[in-house]
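The sequence and the structure are shown first.

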Amino acid sequence: MTEKTALITGASRGFGAAFGEAVAEQGVHVIALGRTVGALEDLDDRIRAKGGTATLVPLDITDEGGLQRLCLSIFERWGGLDIWLHSAIFAGPLSPVAHVPEKDWDKSVAINIHATQRLIALVEPLLKARKGTAILPVEDVAGQKFHAAYGAAKAAQKAIWDSWAAESTAAGPKVRTFAARPMPTALRARFYPGEDRAKLHQPKDEAARLLAVLS
């Protein structure tokens, strides 16, 4: 039987890491992409401790050449992908619209919008080869004060994803979004520093909920 594979972009921590652990427990080989080597190695340790397997890919998703080489390697080794979770995201500090730093705006566009489209172009053939499924975590923050850059980027990212979903209805792959409930991630802690984190949902529980949806 062909080994099932899951590519997770943004696998270093948070929801991406939790989903990596969850699918690995189901016997799926995890291809974990992220920028933080130490966090990826920690994820690998947790996966292997539970009998799973992973391939670690320390890579910035704006590295077009690196992404091309990765996708070619996935095709040559596994012939395609069963799952792609795109949880990589950049969020600069919250700021009034008129004071968003130019470098943060440019980085938000490059990572959240441009890289999403480029990844779709590269990953789509791999998903089609295995009749796979692509998932984008979504949240509705557009229009909230101080969320101009992050809210605009998330809205644009979802618009790209929704168009891809509409285009893929007949020929595939399956393209879905997933609205995770609020989780005590490092990103959320920056946005809501005084929040009671005990009331939030754990990433592992949201990962299990996504797995249930996929099954």
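## Surroundings of Ser108

Not counting residues up to four places away in sequence, Ser108 touches Phe90, Ile113, Ala149 and Ala153, in what is a predicted model. Ser108 is found in helix 4, and because its relative accessibility of 3% falls under the 20% cut-off, Ser108 counts as buried.

## Overall architecture

The protein chain has seven helices and six strands, and from the N terminus on these elements follow the order β-α-β-α-β-α-β-α-β-α-β-α-α. A compact globule of 215 residues would have a radius of gyration near 17 Å, so the 17 Å of the protein chain agrees with that expectation. The C-alpha trace spans about 55 × 35 × 30 Å along its principal axes.

Of the 215 residues in the protein chain, 47% are buried. When contacts between residues at least 6 apart in sequence are taken, 71% of them join residues at least 24 apart.

## Nonpolar cores

The largest nonpolar core has 29 residues, of which Ile31, Leu81, Trp84, Val123, Trp161 and Trp164 touch the most other members. Strand 2, helix 3 (64–78), helix 4, strand 5 (133–137) and helix 5 each give two or more residues to this core, and helix 4 gives the most, with eight residues. Apart from this core lies another, of 25 residues, with Ile8, Ala11, Val23 and Leu43 among them.

Trp161 illustrates the packing around one member of the largest core. Leaving aside neighbours within four places in sequence, Trp161 is in contact with Trp84, His86, Thr116 and Ile120, with Ala134, Ile135 and Leu136, and with Val175, Arg176 and Thr177.

## The largest pocket

The largest pocket holds about 1,200 Å³ of space. It is lined by 41 residues, and the closest to its centre are Ser87, Ala88, Ile89, Thr185 and Leu187. By residue class, the lining of the largest pocket divides into 22 nonpolar, ten polar and nine charged residues.

Several elements contribute to this lining, with at least two residues coming from each of helix 1 (14–25), strand 2 (29–34), helix 4 (102–129), helix 5 (148–167) and helix 6 (186–191). The largest share, five residues, comes from helix 6.

## The second largest pocket

The second largest pocket has a volume of about 350 Å³, and of the 15 residues that line it, Lys4, Asp82, Ile83, Leu214 and Ser215 lie nearest its centre. Strand 6 (174–178) and helix 7 (203–214) are the elements that give two or more residues to the lining of this pocket. The lining of the second largest pocket divides into five nonpolar, four polar and six charged residues.

## The enclosed cavity

The structure holds one cavity of 30 Å³ or more, and the volume of the largest cavity is about 110 Å³.

In composition, the lining of the largest cavity divides into ten nonpolar residues, four polar and one charged.

Conventions: Residues are numbered from 1 along each chain as its sequence is written. This is a predicted model: local features need pLDDT of at least 70, side-chain atom pairs count only at pLDDT 80 or more; totals for chains, interfaces and linings use all residues. Side-chain values use heavy atoms; hydrogens and water are left out. On a 1 Å grid over the protein atoms alone, a cavity is a set of points where a 1.4 Å probe fits but cannot get out, and a pocket is an open set with protein on both sides within 12 Å along at least five of seven lines; lining residues have an atom within 4 Å of a point. Grid points are joined across faces, edges and corners, and a volume is the space filled by probe spheres set on the points. Helices (H or I, at least four residues) and strands (E, at least two) are DSSP runs, numbered from the N terminus. Ala, Val, Leu, Ile, Met, Phe, Trp, Tyr, Cys and Pro count as nonpolar, Asp, Glu, Lys and Arg as charged, and the others, Gly among them, as polar. A nonpolar core is a set of buried Ala, Val, Leu, Ile, Met, Phe, Trp, Tyr and Cys residues joined through side-chain atoms within 4.5 Å. Buried means under 20% relative accessible area, exposed over 50%, partly exposed in between (1.4 Å probe, protein chains only). Contact means heavy atoms within 4.5 Å. The radius of gyration is taken over C-alpha atoms; the globule rule is 2.2 Å times the number of residues to the power 0.38.
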